[in-house]
Amino acid sequence: MHATADRQPLSGYTVIELGSTVAGPFCGRLLADFGATVIKVEVAEGDALRSMGSHKDGVSLYALSMFRNKELISVDLRNEEGQSLLRSLIDKADFVVENFRPGTLERWGLGYDTLSASNPGLIMVRISGYGQDGPYSAQPGYGVIGEAISGLRSITGDPDRPPARVATSLSDYLTGLYGAFGALLALEARHRTGRGQVVDTALAECAFSFMEPHVMAYDQLGIVAQRAGSRLPGSSPNNLYQSRDGCYVHVAALADPIFRRLCVAMGQPELASDPRYATNRMRSEHSDDVDAAVQAWLGAHDYDEIHRVLGEHDIPHAKIYNIDDVFADPHFAARNSIQRRQHDRLGMVAVPNVTPRLSATPGEVRELGRDTGSDTAAVLGRMLGLAPDALSALQRRGVIYDPALAL
């Protein structure tokens, strides 16, 4: 790892990551990006995330980013010896991140009460479909299931079509982010009390948190939110329009001063004086007419001209980018939003840079994710003092896996 790791905000803290697929590993990745020593525990056949997304030359491209900055070990947690090894590691850790179904760790004798008895400062981030209690807690759940039951899917997509989904693991990322946030809150509390705690993070609740404006509207007015396509209800103009040359452009001119500038940009300053369009609330009541006027102007011009004119009048807008547009965009390049790191088989590989950006102690993409079990022997030797002969014996018994031990 780079020498800068010891100057990052979480340097000196150790995380045992037991999570699989997206939510748990993303939580761990956030902590690793800012200097925590994250030890990811996988089964010998590899985390399920390694089978997701695209592959090149047998390498999981998704895992190169999601497992970056981590030490990767393989321990069979269904084995009593494996459970004993894990407990010894956790005794030396600050955090555990897990996303097993509630009750799994308890069946292995690794529940929080047991672990915190010998490590009272331990912070355990528990990620599950529905939370650690409640009538649904024992049910399996993925992020997309959390979106469905939270109501978030019901407002996603066009009103004349079935509910759509974002083509990424949205709720898993939200939940991983909430989990990392909760971990740092618990760390701050530990600074004051000396004791750790459990961070209970549910996919369904994290998705539900994004329903915030619709909760009060239903409670107080009985309004059931519906799909609205690219339009944001109660905000006008704030919609997607198509240029003459076929580009989709989102324009957000909901604030009254911005709308007035938009009218000038379109060569129709009189629209801003129309009582129907004087305020955002009024425009929202006549959003079809507002959208028709904006579409008529955009539809008569090519995107380059639209971009120039809206830019001159300081109107928030953007063409809908594909991923190739992001790679070609000068702003993303200037901000180093895409980092490239060396891989021993693939050469230079692009991954998203660290977010957020800290001015004094920034995070860093130090290294790409490696193969399953690559660090098993090194980690168990360093943290538990296991000698090479003992490690080889554990591998022969199927308790651990390290590709180097198989040579």
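Before I point at anything, one definition: helices (H or I, at least four residues) and strands (E, at least two) are DSSP runs, numbered from the N terminus. Now the ground rules. This is a predicted model, so local features need pLDDT of at least 70, side-chain atom pairs count only at pLDDT 80 or more, and totals for chains, interfaces and linings use all residues. Residues are numbered from 1 along each chain as its sequence is written, and side-chain values use heavy atoms, with hydrogens and water left out.

Start with the layout. The chain splits into domain 1 (14–209 + 336–401) and domain 2 (238–324). Those bounds come from an automatic or database domain assignment. Taken over C-alpha atoms, the two domain centres are 43 Å apart.

Next, the sheet. Two strands pair if DSSP finds at least two bridges between them. On that basis there is an open sheet of seven strands, in the order β8-β7-β6-β1-β2-β5-β14, with mixed pairing. At its edges sit β8 (198–202) and β14 (400–401), each pairing on one side only. Look at β2 (residues 37–42) and β5 (residues 70–75). They run parallel and share five bridges. For a landmark, take K40: its bridge partner in β5 is L72.

Now find T21. It sits in the loop between β1 (14–17) and α1 (23–33). Is T21 buried or exposed? T21 is buried, at 15% relative accessible area. The cut-offs: buried is under 20%, exposed is over 50%, partly exposed is in between (1.4 Å probe, protein chains only). What does T21 touch? Leaving aside residues up to four places away in sequence, T21 contacts D47, A48, L49 and N99. Contact here means heavy atoms within 4.5 Å. Also check D172. It is 151 residues from T21 along the chain, yet their C-alpha atoms are separated by 8.9 Å.

On to backbone details. There are two cis peptide bonds to show you. One joins S236 and P237, with omega about -5 degrees. P237 lies in the loop between α9 (212–221) and β9 (238–242). Another runs from T355 to P356, with omega near 0 degrees. Find P356 in the loop between β13 (347–352) and α16 (376–384).

Then positive phi. D57 is not a glycine, but its phi is about 55 degrees. D57 is in the loop between β3 (55–56) and β4 (59–60). D57 is exposed, with a relative accessible area of 61%. N336 is not a glycine either, and has a positive phi of about 55 degrees. Its loop runs between α15 (330–334) and β12 (338–343). N336 counts as partly exposed, at 43% relative accessibility.

On a 1 Å grid over the protein atoms alone, a cavity is a set of points where a 1.4 Å probe fits but cannot get out, and lining residues have an atom within 4 Å of a point. Grid points are joined across faces, edges and corners, and a volume is the space filled by probe spheres set on the points.

How many cavities of 30 Å³ or more does the whole structure hold? The search finds one. The largest cavity has a volume of about 40 Å³. Its lining is F259, M266, L271, Y277, D289, V290, A293 and V294. Helix α12 (residues 287–298) gives the most to that lining, with four residues.

That's the tour. Thanks.

Note on methods:
On a 1 Å grid over the protein atoms alone, a cavity is a set of points where a 1.4 Å probe fits but cannot get out, and a pocket is an open set with protein on both sides within 12 Å along at least five of seven lines; lining residues have an atom within 4 Å of a point.
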